[in-house]
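Subject: Structure for your review

Dear colleague,

Please find the structure below, together with its sequence. My notes on what was found in it follow.

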Amino acid sequence: MPTKPSSPRKRLRPHLRRIALVLALISAGCAAAGKYYDPDKPNRTPSGFRNNYPQEPRASLLKWQWERITQGLPKAPTNNYRFPMATPEIAWLQANKTTPSVTWISHATALLQIDGMNVITDPIFSDRASPFSFVGPRRKVPLNIALTQLPHIDVVVISHNHYDHLDQASVEQLNKQAGGPPLFLVPLGVKDWMADIGITNVREMDWWDKTAVGKLDIHFVPAQHWSARGLMDRSETLWGGWVIKTGEGAPHPFSVFFAGDTGYSKDFQDIGRSFGSFDLALIPIGAYAPRWFMKGQHVDPAEAVQIHQDVHAKRSIGIHWGTFELADEPLDEPPKLLAEAVKKAGLPEDEFTVLKHGETLKLD
C-alpha cells in the first residue's frame with residue numbers, strides 16, 4: 001500500500017529547526033576579538049585567526065539552506081541508516097598496554113593506544129552536536145561504545161571548538177573520570193572556555209608547538225578551517241590537527257597524524273616535509289557537499305587521498321562521516337567515493353579505508 005505523502009509543514013519542520021539553531025547561536029559567542037593579534041604572525045589579525053593559504057570568499061549560508069529545503073536534502077542513505085556495527089573489544093582495550101591501535105568510535109572521535117598511553121580525539125558522546133538538547137544535528141547511528149567503557153584516558157586532543165568536535169558534556173565527563181582527569185590539549189583561545197566549565201588540566205598550543213606528555217611527543221599543526229561556537233566569535237580561537245609520536249629512543253617508534261576538520265591546502269605538504277611520514281593518519285572524508293559551499297572547510301574523499309599522499313602516511317583511516325548529517329551527501333556515500341579515489345590513485349585498497357563504528361584496528 002503506498003505511503004501517504006507528508007504534509008508541507010511536516011517536510012519543513014527539520015529545516016525550521018536548523019534555522020532556529022542558527023538564530024539561537026547568536027547568543028553563544030565567547031572570546032574577545034583580537035586577543036591573539038600579532039603583526040609578526042601572518043595568521044593573526046585584529047579580527048581573529050586566519051588560514052595560512054588563500055581560499056575563496058565565504059559562500060552564502062542562506063543560499064545553501066534554501067537549496068536544502070527546495071531539493072529535499074540530504075537524502076537518506078541506501079542502507080536507511082542501518083550501518084554495520086562492530087562488536088567493540090572493550091576488555092582488550094582496557095587491558096592493552098603494548099599494541100598500537102586505533103578504535104573509531106564515531107565522527108571524528110577515535111581512541112588511540114600508543115606505547116601504553118590512551119589518547120582520544122575530539123570526543124563527542126552526546127546525542128546532538130549542538131548547545132541544545134532539542135535542536136541541532138542529531139546522531140543518526142547509535143554509539144556502541146560508552147564513554148564509561150573506555151580505558152583511563154591520558155590525553156584528549158581537540159582540533160577546534162565547533163560543537164561536533166568540542167562537546168561540553170563529553171569533556172566534562174572525561175574530566176571526572178576515575179583515576180584523575182586527562183590532560184586536555186587545545187588550540188589557542190580554548191583554554192579560557194575550558195576554565196569556565198571547571199576544566200583546568202589544560203595546555204593551550206599554537207601551530208607548530210610541541211609538548212611532551214608521558215612517553216609521547218605531541219605537536220599541533222595547521223589545517224584549513226575556522227572556529228566559532230556562536231555567530232559573534234568566528235575565528236577567535238585557533239583550529240588545527242595533531243601529530244602524536246612516541247618519544248625519541250622508543251623501542252617501538254610509532255606516529256599518528258590526526259587531521260581534525262579541514263579543507264584542502266598546502267598545509268599538508270608542509271606537514272609531510274616537517275615530519276617525513278606517519279604510520280597512521282586519521283583524515284576526514286565526509287560533510288563535503290555541495291562543493292561550492294563546503295570546499296573551503298571540508299575535504300571530499302579525493303582530497304582526503306591527496307592529504308594521505310602529502311603527509312606520506314603508510315595507512316589512513318577515514319573519519320568525520322557516518323554519524324551526523326552535516327552536509328548534503330547521503331551519509332553512506334563517503335566510503336564509496338573513498339574506495340574509488342584510492343583505486344584511481346593506484347593505491348592498495350587497504351592503504352586508506354574506513355572502520356565500522358566501534359571497530360579496533362591493531363597495528364602491531
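Is Asp-192 buried, partly exposed or exposed? Asp-192 is partly exposed, because its relative accessible area is 40%. Please bear in mind throughout that this is a predicted model.

Salt bridges

The whole structure contains 14 salt bridges. In one of them Asp-192 pairs with Lys-35, with 2.4 Å between the closest N and O atoms. Asp-192 belongs to helix 5, while Lys-35 sits in the loop between helix 1 (8-24) and strand 1 (44-45), so this pair ties together parts that are 157 residues apart in sequence. Lys-35 is likewise partly exposed, with a relative accessible area of 46%.

Another salt bridge joins Asp-206 to Lys-41, where the closest N and O atoms are 3.4 Å apart. This pair also links distant parts of the chain, 165 residues apart: Asp-206 is in the loop between strand 8 (202-205) and strand 9 (210-213), and Lys-41 is in the loop between helix 1 and strand 1. Asp-206 counts as buried, because its relative accessibility is 9%, whereas Lys-41, at 34%, counts as partly exposed.

Asp-300 and Arg-291 form a further salt bridge through their side chains, at 3.5 Å from N to O. Salt bridges with shared partners join Arg-291, Lys-295, Asp-300 and Glu-303 into one network.

Aromatic rings

A search of the whole structure gives 14 aromatic pairs. One of these is the tilted pair of Phe-220 and Trp-242, with 4.5 Å from centre to centre and 40° between the planes. Phe-220 is part of strand 10 (residues 216-221) and Trp-242 part of strand 11 (residues 241-246), so the pair ties together parts that are 22 residues apart in sequence. Phe-220 and Trp-242 are both buried. Elsewhere, Trp-208, Phe-257, Tyr-264, Phe-268, Phe-275 and Phe-278 make up one aromatic cluster.

The charged end of Lys-63 sits over the ring of Trp-292, 4.4 Å from its centre, and the charged end of Arg-229 sits over the ring of Tyr-163, 4.0 Å from its centre.

Asn-51 is found in the loop between strand 2 (48-49) and helix 2 (61-71). Asn-51 is buried, with a relative accessible area of 12%. The side chain of Asn-51 makes a polar contact of 2.4 Å with that of Gln-55, and a polar atom of the Asn-51 side chain lies 3.0 Å from the backbone nitrogen of His-225. Beyond its neighbours within four places in sequence, Asn-51 is in contact with residues including Trp-207, Ala-223 and Trp-239.

Ile-114, in strand 4 (residues 109-114), is buried with a relative accessible area of 1%. Leaving aside neighbours within four places in sequence, Ile-114 is in contact with Leu-216, Ile-244, Thr-246, Phe-254 and Val-256.

In helix 4 (residues 168-175), the buried residues include Ser-170, Val-171, Leu-174 and Asn-175. These residues lie on the same side of helix 4, because they cover an arc of only 135° around the axis. The buried residues of helix 4 pack against strand 5 (117-121), strand 6 (155-157), strand 7 (183-187) and helix 5 (190-196).

Yours sincerely

Technical notes: Residues are numbered from 1 along each chain as its sequence is written. This is a predicted model: local features need pLDDT of at least 70, side-chain atom pairs count only at pLDDT 80 or more; totals for chains, interfaces and linings use all residues. Side-chain values use heavy atoms; hydrogens and water are left out. Rings of Phe, Tyr and Trp (its six-membered ring) pair if their centres lie within 6.5 Å; planes under 30 degrees apart count as stacked, over 60 as edge-to-face and the rest as tilted. Helices (H or I, at least four residues) and strands (E, at least two) are DSSP runs, numbered from the N terminus. Buried means under 20% relative accessible area, exposed over 50%, partly exposed in between (1.4 Å probe, protein chains only). A charge sits over a ring if NZ of Lys or CZ of Arg is within 6 Å of the ring centre and within 35 degrees of the ring normal. A polar contact is a pair of N or O atoms within 3.5 Å; within protein, one must be able to donate a hydrogen and the other to accept it, and residues adjacent in sequence count only if both atoms are side-chain atoms. Contact means heavy atoms within 4.5 Å. The arc is that of the directions from the helix axis to the C-beta atoms. A salt bridge is a side-chain nitrogen of Lys or Arg within 4 Å of a carboxyl oxygen of Asp or Glu.
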